[in-house]
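Reader: I am new to this structure and would like to go through it by question and answer. Please show it before we start.

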Amino acid sequence: PSLGRVLANMAFVERLCAQQLRRKIDRDVARRKHDQRAADQSRMEELQDSAFRHLDQSFEIFRANRHRRGEGNVYTIRGALHLDRGELDKAEDVGRL
């Protein structure tokens, strides 16, 4: 379960970093700085993808150890990531699990 917690925490931090990049992208667009936007967008998506991979690994560890609180934490972070991406249907599906 410790590795599961580490992976879930990594995913949470990656989500926070992606949110920070999203705010930077929005500021740059408002200031009409489009030159860095594509690189920031790409990095944000990489962080989100990495977070999803870490959550998959974390969930498998928690499920194998029947650690329900850990599984719940994974669902919470996964749902938030989907919301961050604007994937409302997927976030709703995760919320129903």
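Reader: How many aromatic pairs does a search of the whole structure find?
Author: The model is a predicted one. F59 and Y75 form a tilted aromatic pair, with 5.5 Å from centre to centre and 55 degrees between the planes. A search of the whole structure finds one aromatic pair.

Reader: Which helices does the pair of F59 and Y75 link?
Author: The two residues are 16 apart, and the pair links distant parts of the chain. F59 lies in helix 2 (residues 37-64), and Y75 lies in helix 3 (residues 68-84). The helices asked for are helix 2 and helix 3.

Reader: Is F59 buried or exposed?
Author: Buried means under 20% relative accessible area. The relative accessibility of F59 is 14%, so F59 counts as buried.

Reader: What does I77 touch, leaving aside residues up to four places away in sequence?
Author: I77 is one of the residues of the largest nonpolar core. Leaving aside residues up to four places away in sequence, I77 touches A8, A11, F12, R15 and L55.

Reader: Is D28 buried or exposed?
Author: D28 forms a salt bridge with K24, and their closest N and O atoms are 3.0 Å apart. Both residues lie in helix 1, four residues apart, about one turn of the helix. K24 counts as partly exposed at 28% relative accessibility. D28 has a relative accessible area of 5%, so D28 is buried.

Reader: How many residues apart in sequence are the parts that R85 and D49 tie together?
Author: The side chains of R85 and D49 meet in a salt bridge of 2.3 Å, N to O. R85 lies in the loop between helix 3 and helix 4 (88-96), while D49 lies in helix 2. The pair therefore ties together parts whose separation in sequence is 36 residues.

Reader: Which residues do salt bridges that share partners join into one network?
Author: Side chains of opposite charge can pair when their charged atoms come close. The count for this structure comes to nine salt bridges. Those that share partners join into one network K24, D28 and D40.

How values were computed: Residues are numbered from 1 along each chain as its sequence is written. This is a predicted model: local features need pLDDT of at least 70, side-chain atom pairs count only at pLDDT 80 or more; totals for chains, interfaces and linings use all residues. Side-chain values use heavy atoms; hydrogens and water are left out. Rings of Phe, Tyr and Trp (its six-membered ring) pair if their centres lie within 6.5 Å; planes under 30 degrees apart count as stacked, over 60 as edge-to-face and the rest as tilted. Buried means under 20% relative accessible area, exposed over 50%, partly exposed in between (1.4 Å probe, protein chains only). A nonpolar core is a set of buried Ala, Val, Leu, Ile, Met, Phe, Trp, Tyr and Cys residues joined through side-chain atoms within 4.5 Å. Contact means heavy atoms within 4.5 Å. A salt bridge is a side-chain nitrogen of Lys or Arg within 4 Å of a carboxyl oxygen of Asp or Glu.
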